[in-house]
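Here's a quick briefing to read with the model open beside you. Take it one topic at a time and find each piece as you go.

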Amino acid sequence: MPTAIAVTSADLVLPAPERHTPGAALLHPPEQLDLEAALAETGALLERHGHLVALVPPWLPRSTVQRLHTVRAILETDRIALIGIDLPPLGTALLVRQLRQLTVCDFSPGIIASAARLLSHYIYAGALLGSVAKLDRVRVPVGLGAHARSWSPSAQFAVMAHPKPHLAKLGGGAQGAHGPRSAVLPAGPEFATHLTFARGQLASDWVTAELAPAWQVQGVMENPLPAASPGWWGTQKIVEFAAGIPDLSVLYQLVASVRREECRWCGLELIGDRCGFCAAPLTAPPPPASTARSRP
């Protein structure tokens with residue numbers, strides 16, 4: 001069986017673009033499953049799939065993250081990869097789908113785990129917001145003027161969180177058939193993508209009517225809004241979107257083109273500078289200065 005790709009919430013599982021794309025394994029959070037049952041659940045997945053890869057974004061509840069690490073520690077296994085990825089909820093779901101696609105290829109578990117960080121650089125994640133008053137300034141810089149305009153009932157903001165933070169107020173008096181227009185659209189990807197979007201409590205077709213054509217996406221799909229999205233973006237008035245590479249052959253070529261290495265600690269294959277399973281860096285860190293001076 002292919003390597004299992006795990007999520008901590010069922011709403012992070014997007015529909016597969018191909019029939020043969022495997023589903024995702026659901027690791028239930030502590031409020032839904034006690035520790036003993038979680039150990040049995042994860043053990044069964046390892047027995048069936050051999051290896052397990054789970055994305056751990058910073059917006060997960062602390063109790064959920066602690067549960068993941070606790071289960072891994074108690075099982076005393078190096079076959080569980082917990083990959084830290086800083087993407088918004090819908091962008092995370094899109095990355096999960098791409099990893100699910102890759103599991104049917106001839107990549108080893110180590111390559112699939114370390115491919116998560118590579119593929120995350122090619123995901124464009126953002127949202128149309130009705131307010132940025134509670135948007136975390138660490139994620140996307142918000143000026144005082146934007147905060148003040150957030151109190152306007154008709155205010156709408158185009159916000160990019162990844163790969164480069166961007167915020168622009170839509171409107172300024174120009175109204176289109178589908179809502180406020182803006183001459184300052186977020187910069188889009190320079191490669192072929194599909195766009196996935198999810199509606200919250202914001203009635204607007206801006207994402208499909210203006211953003212998708214401007215980005216020249218090859219397809220658009222609507223999906224239910226992940227439960228974590230309003231908390232991440234700081235408002236219920238939201239239309240979240242994420243664009244990524246949909247074609248498995250392109251994803252395969254992208255990952256296969258990167259030089260493969262062998263982890264010096266656990267021996268698994270990897271791409272990039274760090275093993276996805278044991279987190280060991282590709283190269284050993286330099287010795288402390290005092291140690292280096294004492295060597296003959």
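**The big picture**

The protein exposes about 14,100 Å², and carbon and sulfur atoms supply 53% of that area. Keep in mind that this is a predicted model. You'll find 9 helices and 14 strands in the protein.

- Out of the protein's 296 residues, 49% count as buried.
- Take the contacts between residues at least 6 apart in sequence: 72% of them join residues at least 24 apart.

**The sheet**

- Strands of a sheet pair through backbone hydrogen bonds, and they can do that either parallel or antiparallel.
- Here, 6 strands make an open sheet with mixed pairing, and the order is S7-S6-S5-S12-S10-S11.
- Which strands sit at the edges? They're S7 (166-170) and S11 (219-222), each pairing on one side only.
- From one strand to the next, the twist averages 20°.
- Zoom in on S10 (residues 194-199) and S12 (residues 238-244): these two pair in the antiparallel sense over 6 bridges.
- Helix H3 (residues 89-102) lies across S5, S10, S11 and S12, and runs at about 30° to S12.

**Two helices that cross**

- When two helices pack, we describe them by the angle between their axes and the distance between the axes.
- For H4 and helix H8 (residues 248-256), the axes come within 10 Å and cross at roughly 100°.
- An angle of 65 to 115 degrees counts as roughly perpendicular, so H4 and H8 are roughly perpendicular to each other.
- Which residues make the contact? H4 brings Ile111, Ala115, Leu118 and Leu119, while H8 brings Leu251, Leu254 and Val255.
- Sort the residues of this H4–H8 contact by type and you get 7 nonpolar, no polar and no charged.

- Tyr122 sits in the loop between helix H4 (109-120) and strand S5 (124-129).
- Why does Tyr122 count as partly exposed? Its relative accessibility is 28%, and partly exposed covers what falls between under 20% (buried) and over 50% (exposed).
- Setting aside neighbours within four places in sequence, Tyr122 is in contact with Phe191, Ala243, Gly244, Ile245 and Leu254.
- Phe191 is 69 residues away from Tyr122 along the chain, yet their C-alpha atoms are separated by 9.0 Å.

Notes:
Residues are numbered from 1 along each chain as its sequence is written. This is a predicted model: local features need pLDDT of at least 70, side-chain atom pairs count only at pLDDT 80 or more; totals for chains, interfaces and linings use all residues. Side-chain values use heavy atoms; hydrogens and water are left out. Helices (H or I, at least four residues) and strands (E, at least two) are DSSP runs, numbered from the N terminus. Buried means under 20% relative accessible area, exposed over 50%, partly exposed in between (1.4 Å probe, protein chains only). Contact means heavy atoms within 4.5 Å. Accessible areas come from the Shrake-Rupley method with a 1.4 Å probe; for residues, only the protein chains shown count as cover. Axes are lines fitted to C-alpha atoms, for helices over the stretch in contact, and angles run from 0 to 180 degrees between N-to-C directions. Angles under 35 degrees count as roughly parallel, over 145 as roughly antiparallel, 65 to 115 as roughly perpendicular and the rest as oblique. Ala, Val, Leu, Ile, Met, Phe, Trp, Tyr, Cys and Pro count as nonpolar, Asp, Glu, Lys and Arg as charged, and the others, Gly among them, as polar. Two strands pair if DSSP finds at least two bridges between them.
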